[in-house]
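Here's a quick briefing to read with the model open beside you. Keep the chain letters in view as you go.

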Amino acid sequence: EEEMEEEMEGWHQLYPGHIPTSPLQKALLAVGSAVMALYDPYRHDMVAVLGETTGCLALPNLRDKMKNHPEGYRILRERPCIRLSTLDMARLQGLPDGSLGREYVRFLEDNKVSPDTRMPPKFVDDEELAYVIQRYREVHDLMHTLLGMPTNMLGEVVVKWFEAIQTGLPMCVLGAAFGPVRLSTRKLQVLATELVPWAIRSGLNASCVLNVYYEQRWEQPVKSLREELGIFPPP
Amino acid sequence: LCRCRALLSRPAGAPRARRGLAAGPEMHFGFQTVTEEERREKIYQVFENVAKKYDVMNDSMTLGIHRVWKDILVHKMNPCPGTLLLDVAGGTGDIAFRFINYVRSVRKRQLQRKLKHHQNLSWQEIFESYQKDEFNSLGDSQVVVCDINREMLKVGKQKAQHLGYSEGLSWVLGNAEELPFDDDKFDVYTIAFGIRNVTRIDLALQEAYRVLKPGGRFLCLEFSHVSNPLLSRLYDLYSFQVIPVLGEVIAGDWRSYQYLVESIRQFPPQEELKAMIEDAGFFKVDYENLNFGIVAIHSGFKL
């Protein structure tokens with residue numbers, strides 16, 4: 001009886017913040033979060049939950065891609081985190097214009113965002129995969145910087161297209177497909193004719209963006225990093 | 001999958017003996033074991049978190065049926081104008097508003113009946129008597145909403161303003177285990193979906209007895225136990241699989257709703273609660289199951 005109670009507490013926590021869920025719960029969460037994310041686009045937590053509950057195939061793939069790449073392997077081992085507490089903002093601001101660090105800080109300031117607002121994973125039932133999805137979320141802002149896209153709806157959709165190709169996460173695919181629903185026709189036109197084709201070409205051409213140890217490349221110019229990865233210059 | 005099956009089956013209730021009685025420092029918080037003080041804090045936080053989405057979540061979890069349960073409670077109470085009600089753990093005001101509506105309509109019928117008997121008065125006299133009673137639409141009935149949680153009271157006050165309730169309504173911050181009221185004050189004491197969250201149920205029942213007038217009535221609406229085995233399994237499945245998901249999707253708060261379903265399982269079943277109410281000194285204690293025992297209304301009198 002005591003054992004059953006402990007089982008039911010469900011606190012087989014694999015990492016802080018982990019909430020173990022049954023397959024049925026994951027399915028319900030996936031549907032519920034998808035509906036809620038469409039209904040209220042400001043519910044970023046719902047997008048996060050959707051990513052976690054649908055990523056069971058894509059996340060292991062990503063993790064393997066990282067494992068088989070020297071830089072990615074190092075990231076998996078050392079588990080760096082992009083947080084305000086770990087970033088030396090003053091140093092990054094002091095870097096020359098055009099460098100990754102300087103442009104990243106500029107992006108954060110222009111769009112008034114902070115790396116600390118990312119949701120920690122809750123429903124991923126593997127500790128390493130939880131880190132992979134966390135890394136993906138932290139690297140998202142750097143994607144904006146590399147692609148030169150702002151955080152408005154249009155910019156987010158373009159980044160989602162790029163990420164969908166790169167990661168294969170169903171959440172990105174859904175976001176890319178349904179995000180445009182809320183855009184005006186003029187923006188849709190720009191999206192369809194210029195931005196999305198570019199995002200797709202870059203996504204296909206580029207090597208895996210999670211295999212870059214960004215924290216060790218702040219001084220590198222954005223252009224050079226783009227070339228190295230294989231991202232085409234933004235339109 | 002094994003865990004899933006474990007989630008589906010119910011505990012037989014080993015900690016029940018310790019539940020709500022003065023039995024040492026260890027208590028339950030859902031299925032966790034904590035000290036009394038920890039439990040109070042955790043529950044305070046739960047309701048602080050859920051306060052804003054409390055009503056929306058109630059509607060989603062019970063598919064709106066909680067409104068019917070609350071209606072039944074007030075109908076069972078059948079208050080007449082002039083009743084002084086204390087609604088404990090009344091947070092967002094659901095019982096209080098229903099009480100006010102009920103006495104208003106009873107009062108209206110009273111006035112209408114009075115008017116019918118005044119057939120041979122002049123129009124002037126009828127108008128005057130009507131005016132006099134108009135200002136007394138509640139007939140001196142009053143309800144005091146008492147809750148331990150500031151956030152819940154805040155939401156309740158906002159709702160009252162929004163819905164236009166002001167007369168005969170007061171809001172008091174207080175603890176069910178130690179009520180800030182004198183003895184023998186109230187005609188009716190209600191606690192709807194609140195007693196489950198009280199850490200020392202025996203103290204709350206004693207306080208209820210204390211503040212009621214002789215002849216006063218105690219009414220408790222709370223989740224209880226379903227004895228029908230098939231229904232019980234479906235209920236468990238729904239509770240443990242769906243409700244926390246609803247909590248996450250609607251309120252962004254899985255943990256509070258996980259606590260909610262666990263606390264329902266930990267609460268004493270109908271007969272045990274009846275015994276506890278009798279222990280506090282109440283007479284004619286009885287209970288009525290609603291929806292096969294998913295919810296029960298317990299009633300007792302201070303004689």
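This is a predicted model: local features need pLDDT of at least 70, side-chain atom pairs count only at pLDDT 80 or more; totals for chains, interfaces and linings use all residues.

Over all chains, the count of salt bridges comes to 34. There are also six cavities of 30 Å³ or more.

**The largest pocket**

- A total of 35 residues line the largest pocket, and A:P41, A:H44, A:V47, A:E156 and A:K160 are the ones nearest its centre.
- Helix 2, helix 3 (44-54), helix 8 (127-147), helix 9 (153-167) and helix 10 (170-178) of chain A each put at least two residues into this lining.
- Sorted by class, the lining of the largest pocket has 18 nonpolar, 10 polar and seven charged residues.

**The second largest pocket**

- The second largest pocket has 31 lining residues, with B:A89, B:D147, B:I148, B:G194 and B:N197 nearest its centre.
- Two or more residues of that lining come from each of helix 2, helix 3, strand 3 (84-88), helix 5 (94-117) and strand 4 (142-147) of chain B.
- Helix 2 of chain B has the largest share of the lining of the second largest pocket, at four residues.

- Helix 2 (36-50), helix 3 (54-62) and helix 10 (254-266) of chain B each supply at least two of the lining residues of the second largest cavity, and helix 10 gives the most, with four.
- Eight of the residues lining the second largest cavity are nonpolar and two are polar, with no charged ones.

**A nonpolar surface patch**

- A:L24, A:L28, B:L230, B:L234 and B:L237 make up a nonpolar patch on the surface, and together they have about 430 Å² of accessible area.
- Helix 2 (23-39) of chain A and helix 9 (229-251) of chain B each give two or more residues to the nonpolar patch.
- Helix 9 of chain B has the largest share of the nonpolar patch, three residues.
- A:L24 sits in helix 2 of chain A, and A:L24 counts as partly exposed because its relative accessibility is 39%.

**Salt bridges in chain A**

- As background, side chains of opposite charge can pair when their charged atoms come close.
- A:E138 and A:R83 form a salt bridge, with their closest N and O atoms 2.9 Å apart.
- A:E138 is in helix 8 and A:R83 is in the loop between helix 5 (70-78) and helix 6 (89-94) of chain A, so this pair ties together parts 55 residues apart in sequence.
- A:E138 is buried, at 3% relative accessible area, whereas A:R83 is partly exposed at 29%.
- A:R118 and A:D141 also meet in a salt bridge, 2.9 Å from N to O.
- That pair joins the loop between helix 7 (100-110) and helix 8 of chain A, where A:R118 lies, to A:D141 in helix 8, 23 residues apart.
- A:R118 is partly exposed, with a relative accessible area of 31%, while A:D141 is buried at 2%.
- A:E215 and A:R135 make another salt bridge, at 2.9 Å from N to O.
- A:E215 is in the loop between helix 11 (185-205) and helix 12 (222-229) of chain A, and A:R135 is in helix 8, 80 residues apart.
- Both A:E215 and A:R135 are buried.
- A:D97, A:R102, A:E103 and A:R106 are linked in a salt-bridge network.

- B:D184 has a positive phi of about 50° although it is not a glycine.
- B:D184 is in the loop between strand 5 (169-173) and strand 6 (186-192) of chain B, and B:D184 is partly exposed at 39% relative accessibility.
- B:K284, also not a glycine, has a positive phi near 50°.
- B:K284 lies in strand 8 (residues 283-290) of chain B, and B:K284 is exposed at 69% relative accessibility.
- B:E128 is in helix 6 (residues 123-134) of chain B and is partly exposed at 46% relative accessibility.
- B:E128 and B:E177 are 49 residues apart in sequence and 47 Å apart in space, C-alpha to C-alpha.

Definitions and conventions: Residues are numbered from 1 along each chain as its sequence is written. Chains are lettered from A and ligands numbered from 1 in the order in which they are written. Side-chain values use heavy atoms; hydrogens and water are left out. Patches are made of residues with over 30% relative accessible area and no salt bridge: like charges are joined within 9 Å, nonpolar side chains (Val, Leu, Ile, Met, Phe, Trp, Tyr) within 5 Å. Accessible areas come from the Shrake-Rupley method with a 1.4 Å probe; for residues, only the protein chains shown count as cover. A salt bridge is a side-chain nitrogen of Lys or Arg within 4 Å of a carboxyl oxygen of Asp or Glu. Buried means under 20% relative accessible area, exposed over 50%, partly exposed in between (1.4 Å probe, protein chains only). On a 1 Å grid over the protein atoms alone, a cavity is a set of points where a 1.4 Å probe fits but cannot get out, and a pocket is an open set with protein on both sides within 12 Å along at least five of seven lines; lining residues have an atom within 4 Å of a point. Grid points are joined across faces, edges and corners, and a volume is the space filled by probe spheres set on the points. Ala, Val, Leu, Ile, Met, Phe, Trp, Tyr, Cys and Pro count as nonpolar, Asp, Glu, Lys and Arg as charged, and the others, Gly among them, as polar.
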